[in-house]
Amino acid sequence: TMNRKNGDQSLADLEGATIVADDGQFLGKITTNSIDRTSIINTIGPYGSDISSTSIFNNISKYGSDISRLSPFNDITSTPPRIFKGERFVGYLTTNTIKTPRVDPRALVGWLKSQE
């Protein structure tokens, strides 16, 4: 269901899921709870701050840069972060439209912020 348009329903299903980089680095939790320390929308947390080295929002870090092979914002990477619900792989977090199943990071973040 994720390959089709990311409707809000499929994004809501990701609540509590985790993001893990291809190199094994934990990149935070997908949650509408912005005070959760591990949340990707906690702007002062290690996974939501745009100055943290482990945040996908740090556009000069290897996890947030649009030229890094580990970043969800690299349109051509073959090794974007993966999303897991518990132990189960649900999809890639990437702007690379060739990777499936895929969750668009911009759509995901927009949805999370709209739930705050």
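**Figure 1. Serine 68 in the loop between E2 and E3.** In this predicted model, serine 68 is located in the loop that lies between strands E2 and E3. Is serine 68 buried or exposed? Its relative accessible area is 12%, so serine 68 counts as buried, the limit for that class being under 20%.

**Figure 2. The open sheet and the pairing of E1 with E3.** Five strands form an open sheet in the order E2-E1-E3-E4-E5, and the pairing is mixed. The edge strands are E2 (26-29) and E5 (102-103), each of which pairs on one side only. In general, the strands of a sheet pair through backbone hydrogen bonds, in either a parallel or an antiparallel manner. Strand E1 (residues 18-20) and strand E3 (residues 82-85) run antiparallel and are joined by 3 bridges. Within this part of the sheet, isoleucine 19 stands opposite isoleucine 83 of E3.

**Figure 3. Helix H2 and its buried face.** Which residues of helix H2 (residues 105-115) are buried? They are Pro105, Leu108, Val109, Trp111 and Leu112. Viewed down the axis of H2, these buried residues fall within an arc of 160 degrees, and they therefore line one face of the helix. The face of H2 that is turned away from the buried side carries the exposed residues Arg106 and Ser114. At the start of H2, a side-chain oxygen of aspartate 104 comes to within 2.7 Å of the backbone nitrogen of arginine 106.

**Figure 4. The largest nonpolar core and leucine 108.** The largest nonpolar core comprises 21 residues, and those with the most contacts inside it are Leu14, Ile30, Ile40, Ile83 and Leu108. Strand E4 (88-93) and helix H2 are the elements that give two or more residues to this core. The largest share, 3 residues, comes from H2. Which residues does leucine 108 touch, not counting those up to four places away in sequence? Leucine 108 touches Leu11, Leu14, Ile30, Ile40, Leu93 and Val103.

**Figure 5. Aromatic ring pairs.** The count of aromatic pairs comes to 3. In one of them, the ring centres of phenylalanine 26 and tyrosine 47 are 5.0 Å apart and the ring planes stand at 85 degrees, so the pair is edge-to-face; planes over 60 degrees apart are placed in that class. Phenylalanine 26 belongs to strand E2 and tyrosine 47 to the loop between E2 and E3, so this pair ties together parts that are 21 residues apart in sequence. Phenylalanine 26 counts as partly exposed, at 28% relative accessibility, whereas tyrosine 47 is buried, with a relative accessible area of 12%.

**Figure 6. The cluster of Phe84, Phe89 and Tyr92.** Ring pairs link Phe84, Phe89 and Tyr92 into a cluster. The rings of phenylalanine 89 and tyrosine 92 have their centres 5.0 Å apart, and their planes lie at 65 degrees, so the pair is edge-to-face. Phenylalanine 89, at 31% relative accessibility, counts as partly exposed. Tyrosine 92, in contrast, has a relative accessible area of 14% and is buried.

Notes: Residues are numbered from 1 along each chain as its sequence is written. This is a predicted model: local features need pLDDT of at least 70, side-chain atom pairs count only at pLDDT 80 or more; totals for chains, interfaces and linings use all residues. Side-chain values use heavy atoms; hydrogens and water are left out. Buried means under 20% relative accessible area, exposed over 50%, partly exposed in between (1.4 Å probe, protein chains only). Helices (H or I, at least four residues) and strands (E, at least two) are DSSP runs, numbered from the N terminus. The arc is that of the directions from the helix axis to the C-beta atoms. A polar contact is a pair of N or O atoms within 3.5 Å; within protein, one must be able to donate a hydrogen and the other to accept it, and residues adjacent in sequence count only if both atoms are side-chain atoms. A nonpolar core is a set of buried Ala, Val, Leu, Ile, Met, Phe, Trp, Tyr and Cys residues joined through side-chain atoms within 4.5 Å. Contact means heavy atoms within 4.5 Å. Two strands pair if DSSP finds at least two bridges between them. Rings of Phe, Tyr and Trp (its six-membered ring) pair if their centres lie within 6.5 Å; planes under 30 degrees apart count as stacked, over 60 as edge-to-face and the rest as tilted.
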